[in-house]
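Here is a short note to read beside the structure. Please keep the view open as you go through the points.

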4 protein chains.
Amino acid sequence: MTRNVAVIVGSLRKDSWNRKIAHALMERAPAGLTCAIVEIRDLPLFDQDREADPGPAGVGFRTAIRGCDAVLFVTPEYNRGVPGVLKNAIDLASRPWGQSVWTGKPGAVVSASIGGIAGFGANHHLRQTLMFLDMPVLAQPEAYIGNVASLFDGDGKLANEGTAKFLENFMQSFAAWVGRFAKG
Amino acid sequence: MTRNVAVIVGSLRKDSWNRKIAHALMERAPAGLTCAIVEIRDLPLFDQDREADPGPAGVGFRTAIRGCDAVLFVTPEYNRGVPGVLKNAIDLASRPWGQSVWTGKPGAVVSASIGGIAGFGANHHLRQTLMFLDMPVLAQPEAYIGNVASLFDGDGKLANEGTAKFLENFMQSFAAWVGRFAKG
Amino acid sequence: MTRNVAVIVGSLRKDSWNRKIAHALMERAPAGLTCAIVEIRDLPLFDQDREADPGPAGVGFRTAIRGCDAVLFVTPEYNRGVPGVLKNAIDLASRPWGQSVWTGKPGAVVSASIGGIAGFGANHHLRQTLMFLDMPVLAQPEAYIGNVASLFDGDGKLANEGTAKFLENFMQSFAAWVGRFAKG
Amino acid sequence: MTRNVAVIVGSLRKDSWNRKIAHALMERAPAGLTCAIVEIRDLPLFDQDREADPGPAGVGFRTAIRGCDAVLFVTPEYNRGVPGVLKNAIDLASRPWGQSVWTGKPGAVVSASIGGIAGFGANHHLRQTLMFLDMPVLAQPEAYIGNVASLFDGDGKLANEGTAKFLENFMQSFAAWVGRFAKG
């Protein structure tokens, strides 16, 4: 049985390191997981007064998440927290009250940065939010990808063997986690 | 000497309880503090590829923060974290690297919610970010305004005496804190 | 099949409100969960130099946790964080490296305080630690028990019907969560 | 004028890397700061029933903190949080209610670990607690000392020039911060 995984990248930058990591993860998805990036670029700022009608991009995003079996977040840290653009996407799809599209979907968090801290602050602030949304989130292995710029070659391909192996193992753990929770 | 305080409300909702609390705080500002709300509604989603040119709303927001002496955040909690719209505004004004307009400005955080938890999660996630931005943030008194809907009368005026007194004391503590750090 | 739940109370105070909440939870455990408090009072301060030999109390605590199927934490907040006494117990039983007795045990967190914030800060700092220990922790319902002193009668019995119902539901959710993970 | 700084090390291990970092910091204290480690090894577990009489070690610790002008915390991360032994010391000296010896003392936090994350989780959980204790804590520079085992030579002396310079600058920033708040 195939599970559909929505992959959400926490940065809008075209050459985002986290987008590269997301692709490296997707390439290593085991049989049984089908991964696709769901974009957050065109979403409006969340305004509760318009929560019932968040425009076509908002409706499309909610629909994409509602239709998936699991969610994989790959995110940088902005100012020691979750990027506003990512949190905004989460907020938008969590409303209106009682109609959150996140509820019960198994998830995982990967954070990456060019320094050694590897987005730890974003990783854990995000986990606090996902807990509230009633998403069971993979505990171990944690995934902090530090010094990310050193891991890719000039063509943007992952060139670090240890990281490649780690990401492959991570996706296997995630697949097992998803299998534990996904319906059907 | 007068210090200019930028007040930032973490919700876009027109009848936001936090906006009401912000006004209640501003009305109680002691002599020496001039407070004005700086709006975050029209900001674009932060995209590092466009950080040098974030459009007129982005430029205006950065200019407003650069020109103030201190910042007062009044925010709800969204999904146990900082509202994405607020975090996005902070991210946008923190860049480009080395040109953050937040650096060194004394700040304070107030959180309010209709339940008892009073935005604790947002309050502290926000503090972690402000620390990174090198903003000295008032420690005590903390300001968690719970059960906020019960504090106002039918005309939207603060009707709870205890809260009114607390907000007045809070603004005096904040003014003393700002005086300790503000230049000139 | 019966699952054994270790209940850990985060306060050493004899008349601890959290101990009362722990008992109220245990009384409402559904068939299939057998709960017993595991005491942390006599543990030594964790010292890595003595991790292989933490004394009889240390050995006993590790043995008790190793033998249980799941763990329920009921804790106050001390200074906006996890009580040191509770964190010390967790640290002690997490070592030596590779021999943590927490690994994989399903868990849940309840926090209680006499104010409205209800131990939110302790609750989430604790969750961050449990994630690291590879414990799947119940996400929803969250359990923040505020104004706890008002919930009990003069004989120390839970007298608030809404809370009683909430705790009963919580234990049912916890039992379902444990059933999802427990071995055998 | 000389300010007395209490240095608190968050690990009891004799050859603790954080103790080594603490000494490296103390050696680099600028004129005007006198630093001394205050030990936490012999403290009892905090028990509110005994808060008025925590024994000689407890009384001695409270007295030492009460007598200092500022506090420097140097700590590892245990299980993604503050070591229980450190949090216990903080809890013990924060009570009885209204008699906390921490109030108003300027502080700073350094975290170190043998990995890249450098104790980020402990660093920020600790800051949340210090905020509650009304301690103004240095925001920048943050101090995350990663890969700490590689920074010392065989004699236990700091051998990394970049780190040495960083610690020297850190102590100057801390001295300036202390000067801003210390009385007299």
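**Notes on the sheet, the helices and the contact**

1. Strand β1 (residues 3-9) of chain D pairs with strand β3 (residues 70-75) of chain D in the parallel sense, over five bridges. Strands are DSSP runs of E, at least two residues, and helices are runs of H or I, at least four residues, numbered from the N terminus. Two strands pair if DSSP finds at least two bridges between them. D:Val7 has D:Leu72 in β3(D) as its bridge partner.

2. This is a predicted model: local features need pLDDT of at least 70, side-chain atom pairs count only at pLDDT 80 or more, and totals for chains, interfaces and linings use all residues. Residues are numbered from 1 along each chain as its sequence is written, while chains are lettered from A and ligands numbered from 1 in the order in which they are written.

3. What is the order of the five strands in the open sheet of chain D? The order is β2-β1-β3-β4-β5, and the pairing is parallel. The edge strands are β2 (33-37) and β5 (144-145) of chain D, and each pairs on one side only.

4. Now chain B. Helix α2 (residues 55-67) and helix α3 (residues 84-93) of chain B pack at an angle of about 80°, with axes 9 Å apart. Axes are lines fitted to C-alpha atoms, for helices over the stretch in contact, and angles run from 0 to 180 degrees between N-to-C directions. α2(B) and α3(B) are therefore roughly perpendicular to each other (65 to 115 degrees).

5. Chains D and B also touch. The contact takes nine residues from chain D and nine residues from chain B. Residues are in contact if their C-beta atoms, placed from the backbone, lie within 7 Å.

How values were computed:
Two residues are in contact if their C-beta atoms, placed from the backbone, lie within 7 Å. Angles under 35 degrees count as roughly parallel, over 145 as roughly antiparallel, 65 to 115 as roughly perpendicular and the rest as oblique.
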